[in-house]
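Here are my notes on this one, as numbered points. Have a look at the model before you read on.

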Amino acid sequence: MRKFDMGEAWQQVAAMFRGNREILITVAGLFFFLPTLIFTLVYPEPPVSVPGETSQQMIDNMMDYYRTVAPGLLLSSLVSIIGNLAIWRLLLAEGGTSLGGALSLSLTLFVSYVAASLLSGFAIGLGFILLIVPGLYLACRLGLIGPAMMAEKIMNPVTAITASWNYTRNNGLIILLFFVILVIVGSIAIIIAGAIFGALFALLLPENIANIGNKTIQSLLGSGLSLIMTLAMASVYRQLGPYINKETFE
């Protein structure tokens, strides 16, 4: 069983992006950025606590908020799933594939992927109930469900779950560390960049335009991190999954 190499994974992420920059930006723009931006522009921001507000009032306000945004949040999530699946197919199809072919297979396997995600999500949820670390560990062990389905055209959700579990055997903790570092670094970069652009917009633009600008930047930065996470998962699969034609990544 091969051991996961974080250094090699970073190199693969960079190589995959350089070699497929235009199509990756196109897919990320259509399936990550636009849905996120539309959601932030259409729906209100989460409520903030005010002095004197009780815990129950805070919970009630958050419940009301999520009831309001649930339709948009669900639609945005489903669209992003299609984008993730298409990117994995584009990067992991042996011999390569077209964007049309990747999107077609994404739609074909969409229901199977959602079913596999729900099944694995139940297990991950139990892990989080026990402790945070077991939940994160299970999330990493089951994180190759999507890449495996798209690379190998797996229709059966249980088969995809089993494949991910087998591919990540003896590598769960190092994969967890890899993604923890990725999320921390990405989140810090988003916070810093958001603060810089927010200050510039506040100084140079009217309040309503600045607000739109801030939401646009946050959506753009968040979509960029989502793309990197998708590429990172593909790099994990490339290392630990079945052999993939290296020409696909050049």
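1. Which residues of α5 are buried (under 20% relative accessible area, with a 1.4 Å probe and protein chains only)? They are G135, L138, C140 and R141. Helices here are DSSP runs (H or I, at least four residues), numbered from the N terminus. The buried residues of α5 pack against α4 (99-130), α7 (157-167) and α8 (172-204), where contact means heavy atoms within 4.5 Å.

2. Keep in mind that this is a predicted model, where local features need pLDDT of at least 70, side-chain atom pairs count only at pLDDT 80 or more, and totals for chains, interfaces and linings use all residues. Residues are numbered from 1 along each chain as its sequence is written, and side-chain values use heavy atoms, leaving out hydrogens and water.

3. On confidence: pLDDT is the predictor's confidence in each residue, from 0 to 100. The protein chain averages 88, and 96% of the residues score at least 70. Helix α5 (residues 132-141) has the lowest confidence, at a mean of 81, while helix α6 (residues 145-152) has the highest, at 94.

4. Watch residues 245-250, where pLDDT stays under 50. The model has 17 contacts beyond four places in sequence for that stretch. Where pLDDT is low, the predicted coordinates should not be read in detail.

5. On the α3 side, the contact is made by N84, I87, W88, L91 and L92. From α9 come L227, T230, L231, M233, A234 and Y237.

How values were computed
Helices (H or I, at least four residues) and strands (E, at least two) are DSSP runs, numbered from the N terminus. Buried means under 20% relative accessible area, exposed over 50%, partly exposed in between (1.4 Å probe, protein chains only).
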